[in-house]
Amino acid sequence: MVIGYVEVLRDVTDLKSVTDELRRANAELKKLDQLKTDFMNIASHELRTPLTSIRGFTEFVADGMLGDLNGGQKEALSRVISNSDRLLRLIANMLDISKIRSGKLELKITELDLSHLIKETVTEMELLAQAKNISCIVDIPDGIVVAGDYDRIEQVFANLLSNAIKFTLEGGSVSVTATEQVDRDYVMILVSDTGLGIAPDDLEHIFEEFWQVEKGKGTGLGLMITADIVREHGGAIWATSEVGSGSTFWVKLPRGGAGVME
Ligand SMILES: Nc1ncnc2c1ncn2[C@@H]1O[C@H](COP(=O)(O)OP(=O)(O)O)[C@@H](O)[C@H]1O
Ligand SMILES: [Mg+2]
């Protein structure tokens with residue numbers, strides 16, 4: 001009896017020390033996460049202002065406002081501009097993430113005409129697609145209404161479309177469709193491509209920050225922001241893919257008030 005009692009007491013003591021340890025580790029992690037968010041915030045703001053100025057003045061000179069330039073000078077300045085753009089995109093992504101993480105992403109929810117929004121987004125991406133001879137097909141029935149923040153939902157589809165175009169070879173195709181499947185509360189939108197595809201081992205990581213199958217020109221932040229925005233809307237996103245034949249990103253978004261526009 002007495003021995004059993006001691007045993008139990010020790011177990012409880014062990015459990016308590018493990019709990020304490022976990023609590024400490026958890027607090028430490030939270031502090032680190034906060035530090036990361038603060039860092040992203042400060043870095044983004046401190047970087048963006050001077051970089052915007054660098055880009056502005058470079059463009060001013062590149063446009064010949066301070067005198068004519070020779071070919072080599074123009075070429076050099078256009079590189080400064082395109083690299084500034086790349087950095088500005090990275091900073092914008094980091095700002096988005098810190099906003100989302102700190103719960104400061106404010107959504108202005110209105111009723112969005114899905115077909116209209118997707119067509120606008122595809123039009124913006126068309127130049128990218130044309131450069132690779134990729135055809136873009138949109139098949140969204142008229143009258144579907146989504147409850148969402150216009151700019152943020154557009155950002156979701158711009159990210160998915162730019163990926164679809166980026167990871168599809170010349171001559172391929174990209175499509176955006178909405179399933180006919182009837183659900184009172186949600187709309188399902190599919191962004192598909194005939195591109196490189198994603199291996200199963202990679203598929204489970206693609207929504208993580210900085211994850212890229214191949215370190216390339218992007219930042220590896222697009223899908224994470226995309227997923228965060230969708231989740232903030234009460235929706236869901238996932239991907240299916242087959243290496244060599246293409247990928248499909250499934251986006252589930254809440255319907256707007258009446259569901260379907262009359
Ligand atoms: N449509 C797609 N086809 C193939 N791979 C994709 C596709 N979309 C995303 N990926 C993979 O997921 C990674 C993460 O995507 P993302 O977060 O948008 O980062 P980025 O576009 O900056 O590389 C990409 O680098 C790529 O490896
Ligand atoms: Mg991307």
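Among contacts in the protein chain between residues at least 6 apart in sequence, what percentage join residues at least 24 apart? The share is 71%, where two residues count as in contact if their C-beta atoms, placed from the backbone, lie within 7 Å. The model is predicted, so that local features need pLDDT of at least 70 and side-chain atom pairs count only at pLDDT 80 or more, while totals for chains, interfaces and linings use all residues. Residues are numbered from 1 along each chain as its sequence is written, and chains are lettered from A and ligands numbered from 1 in the order in which they are written.

**Overall form**

- The protein chain holds 6 helices and 7 strands, these being DSSP runs numbered from the N terminus (H or I over at least four residues for helices, E over at least two for strands).
- Followed along the sequence, these elements come in the pattern α-α-β-α-β-β-α-β-β-α-α-β-β.
- The protein chain is more spread out than a compact globule, because its radius of gyration is 24 Å, well over the 18 Å that the globule rule gives for 262 residues; the radius is taken over C-alpha atoms, and the rule is 2.2 Å times the number of residues to the power 0.38.
- Along its principal axes, the C-alpha trace of the protein chain spans about 95 × 50 × 40 Å.
- Of the 262 residues, 23% count as buried, a class that requires 20 or more other C-beta atoms within 10 Å of the residue's own, whereas 12 or fewer make a residue exposed and counts in between make it partly exposed, with C-beta atoms placed from the backbone.

**Two domains**

- The domain assignment, which is automatic or from a database, gives domain 1 (2–101) and domain 2 (109–260).
- The centres of domain 1 and domain 2, taken over C-alpha atoms, are separated by 25 Å, and the contact takes 5 residues from domain 1 and 5 residues from domain 2.
- On the side of domain 1 that touches domain 2 there are 3 nonpolar, 1 polar and 1 charged residues, where Ala, Val, Leu, Ile, Met, Phe, Trp, Tyr, Cys and Pro count as nonpolar, Asp, Glu, Lys and Arg as charged, and the others, Gly among them, as polar.

**Helix α2**

- Helix α2 (residues 71–101) has 31 residues and reaches 45 Å from its first C-alpha to its last, close to the 45 Å expected at 1.5 Å a residue, an expectation calculated as 1.5 Å times one less than the number of residues.
- The buried residues in α2 include Ile 91, Met 94 and Ile 97, and α2 is followed by Gly 103, whose phi is positive, near 70 degrees.

**Surroundings of ligand 1**

- Ligand 1 is surrounded by 21 residues, of which the closest are Phe 167, Val 213, Gly 218, Gly 222 and Leu 223; a residue is near a molecule if its C-beta atom, placed from the backbone, lies within 6 Å of it.
- The elements giving two or more residues to this shell are α4 (150–166) and α6 (222–232), and the shell divides into 10 nonpolar, 10 polar and 1 charged residues.

**Individual residues**

- Most residues other than glycine have a negative phi.
- Asn 133, in the loop between α3 and β2 (135–139), has a positive phi of about 55 degrees although it is not a glycine, and counts as exposed because it has 11 C-beta neighbours inside 10 Å.
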